[in-house]
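Let's take a walk through this structure together. Keep the 3D view open as you read.

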Amino acid sequence: MQPKIVTLYVNGHTHQVALAPNVTLLQALRDLGYTDVKNGCEKGDCGACAVLLNGQPVNSCLVLAWQAERAEIVTDAGLGTIDHPHPLQEAFADAGAVQCGYCTPGFIIAAKALLDRVPHPTEDQIREALSGNLCRCTGYGQIVEAVQMAAEKISRNQVFPKNLVSEVDSPPRGVP
Amino acid sequence: MLPEFELLMPHTLPEALDMLAQGGPDVVPLAGGTALLVDMRGGHLHHLPESAGEYTREPFGKVKCLMDVSHLAASSEPFGKVECRREDGHVAVGGGVAIAELVDSPLVARYGPVLGQAARRFANPLVRNRATLGGNLAYASPAADTAPPLLVLGAEVELASAAGTRRVSLEDFLLGVHQTARRPDELLTAVRWPVPAPQAAGAYRKLALRQATAVSVVSVAVMVELSHLPESSQSFGKVECRQARIALGAVAPRPIRAHAAEEVLRGQPLTPEAIAEAARLAVEATCCIDDLRGSAAYRQRVTEVLVRRALTDVATFPPSRKLGSFREGNS
């Protein structure tokens, strides 16, 4: 089982890391310092490890790092910063959709993918799009509300870029 | 933590087939990984018959090498594409097509809506973006969501190897729990089914313990060629069944057809009585087990109910009825 140098594009940064074939994208991202990607069930049940892989939300625990080579990867931290949060991140805070916070990055990634496809989703569409994400603090009501608030905010303020990736220039903490 | 394995990364379909030819049974194709990687983490992969039809179960320790085929969907056109080949009257879906694409595909909505309904109930949206049609069938779970709809559509699978391509009907392909007719040097490259007759209508029903991310307790697909399409529930009992196909999932070691139930409907008006009789006969085709999702007795009862509901769907609703909204309800 020989490691190989894998090129990963994460939140606009390029990383070249030596990885064994059995390392998941989840492990690789966390080791690179993208600890906003959470390790939950490692079975595809909980969605805590969700990232955008070429724009599609996927469970990074079920993707091998080698399979993600040269794909565009976006994590929750790539959507906004503390000073310039993404409307979804702001709405989750404002709506009280965050309790322990462990599921939040995954929910925001799934919600981002939904709003990219459907700018004005119905409640059913929101619940369907988030059905691969589990919140054990039972905050689904507020989470749905947060997505609705973000959708309204984005449509009110169309100048907000679809993806803030290009504006994030400081590397995430933990990057060597 | 995943156990150690080698990982082959072919860039083209021919390269992948060469790797399979050289590697033999030691090389396991990896597509979306949504089932395989989960099994490997648990260390209990029951996979890979030495030869077709052999019901031996290999322990996971023997799987030493995976071959990634998830990249091939983008680089190899037919492998990653849904297409309708009008010339030979078939719809073909590449083995590398993600389940999420089946949900959105206009061709599937038109020529195999029953498959689209099943795709909407498949796991959850995140899994659907990775899981592939070929992977779902080749993994051969008795509860594979795409198998019953494809059985009623009369689908066959294309198995490619370095030596050539052969077609096998899906019914002959699925042999048992994680057992298929795929030879170790073959890759499931496509699934195809004949364009259904204009008066054909299908329906899919699935009972699971929750709405999303749930393995079927029982799943049922039906496809009926009708004398004419029902216009509303008022026409219940006035539509005649020319030919019916009924497939059941999670009630036997492999997804099965309920042939006796299909026969009893042939040439009959789809009345509540005829439907009830077919549903009763469908139960006789099952060979259910007790597991953590339900008892054998419960599965038999649910099979009868779901077959009745699915047949009632096609007997009463115009096929254009929008199916598959999230709030449609479990089963």
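This is a predicted model: local features need pLDDT of at least 70, side-chain atom pairs count only at pLDDT 80 or more; totals for chains, interfaces and linings use all residues.

Residues are numbered from 1 along each chain as its sequence is written, and chains are lettered from A and ligands numbered from 1 in the order in which they are written.

Chain B splits into domain 1 (1-61 + 77-196) and domain 2 (200-321), with bounds from an automatic or database domain assignment. Between these domains of chain B, 24 residues of domain 1 are in contact with 26 residues of domain 2 (contact: C-beta atoms, placed from the backbone, within 7 Å). On the domain 1 side, α9(B) gives the most, with 5 residues; helices here are DSSP runs of H or I with at least four residues, strands are E runs with at least two, and both are numbered from the N terminus.

Now find the open sheet of 5 strands in chain B, with the order β4-β5-β10-β6-β7 and antiparallel pairing. Strands pair if DSSP finds at least two bridges between them. At the edges sit β4 (82-85) and β7 (164-169) of chain B, each pairing on one side only. Strands β6 and β10 of chain B pair over 5 bridges, and B:Glu156 stands opposite B:Arg192 in β10(B).

Finally, look towards chain A: 26 of its residues are in contact with 26 residues of chain B. Among the elements giving two or more residues to chain B's side is α2 (36-42) of chain B.

Notes: Two residues are in contact if their C-beta atoms, placed from the backbone, lie within 7 Å.
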